[in-house]
Amino acid sequence: QVQLVESGGGLAQAGDSLRLSCAASGRTDRNYAMGWLRQAPGKERELVAGINSRTTYYADSVEGRFTISRDNDKKTVYLQMNSLKPEDTAVYYCAAVRVGLYSDYIPRRRDGYDYWGQGAQVTVSS
């Protein structure tokens, strides 16, 4: 019911900033929790940041450096990444799941999401 298209990945040096975008189309008139998850080679996919109508979530590893936001008019969710570190290197995925109105629910696990973007490579060099 919802399609997600990501953009904004690329190469960066340590300390630089990047912004990822995730544009939604399809049936977007319902309520969704949105998440950014990343997967580095040889590691599990992990939730980096999430947002719903009431709250946000950040993993300890990115707290204070990354900011998730949503523009409802543009049907787009963003991940602003500041003070990038080499350990941030990963493929970043945008994901969504339908939730109730004003829900505090943000899935922490990969299998908690129903819709996925194609992934965006972020590479941070020293």
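In which loop does Arg45 lie? Arg45 is placed in the loop between E4 and strand E5 (46-51), where strands (E, at least two residues) are DSSP runs numbered from the N terminus. The structure is a predicted model, in which local features need pLDDT of at least 70 and side-chain atom pairs count only at pLDDT 80 or more, while totals for chains, interfaces and linings use all residues. Residues are numbered from 1 along each chain as its sequence is written, and side-chain values use heavy atoms, with hydrogens and water left out.

Arg45 is buried yet has no salt bridge, the nearest side chain of opposite charge being Glu6, 7.9 Å away. Here buried denotes under 20% relative accessible area, exposed over 50%, and partly exposed the range in between (1.4 Å probe, protein chains only), whereas a salt bridge requires a side-chain nitrogen of Lys or Arg within 4 Å of a carboxyl oxygen of Asp or Glu; in assigning charge, Lys and Arg count as positive and Asp and Glu as negative, with His and the chain ends not counted. A polar contact of 3.2 Å joins the side chains of Arg45 and Gln39 (a pair of N or O atoms within 3.5 Å, of which, within protein, one must be able to donate a hydrogen and the other to accept it, residues adjacent in sequence counting only if both atoms are side-chain atoms). When residues up to four places away in sequence are not counted, Arg45 touches Leu37, Arg38, Gln39, Tyr93, Arg110 and Trp116, contact meaning heavy atoms within 4.5 Å.

Three aromatic pairs are found in a search of the whole structure, pairing being assigned to rings of Phe, Tyr and Trp (its six-membered ring) whose centres lie within 6.5 Å, with planes under 30 degrees apart counted as stacked, over 60 as edge-to-face and the rest as tilted. Tyr32 and Tyr115 form an edge-to-face pair, at 6.2 Å centre to centre and with 75° between the planes. Because Tyr32 belongs to strand E4 (residues 32-39) and Tyr115 to strand E10 (residues 115-116), this pair ties together parts that are 83 residues apart in sequence. Both Tyr32 and Tyr115 are buried. The rings of Tyr113 and Trp116 are likewise edge-to-face, with centres 6.0 Å apart and planes at 70°; Tyr113 counts as buried at 5% relative accessibility, whereas Trp116 is partly exposed at 27%. Ring pairs link Tyr93, Tyr113 and Trp116 into a cluster.

The salt bridges number five. Among them, Arg38 is joined to Glu46, with the closest N and O atoms 3.0 Å apart; Arg38 is buried at 6% relative accessibility, and Glu46 is partly exposed at 35%. Arg54 and Asp104 meet in a further salt bridge (3.6 Å, N to O), which links distant parts of the chain, 50 residues apart. Arg65 forms a salt bridge with Asp88 at 2.8 Å between the closest N and O atoms, and both residues, Arg65 and Asp88, are buried. A network of salt bridges links Arg38, Glu46, Arg65 and Asp88.

Notes: Helix = DSSP H or I, 4+ residues; strand = E, 2+ residues; numbered from the N terminus.
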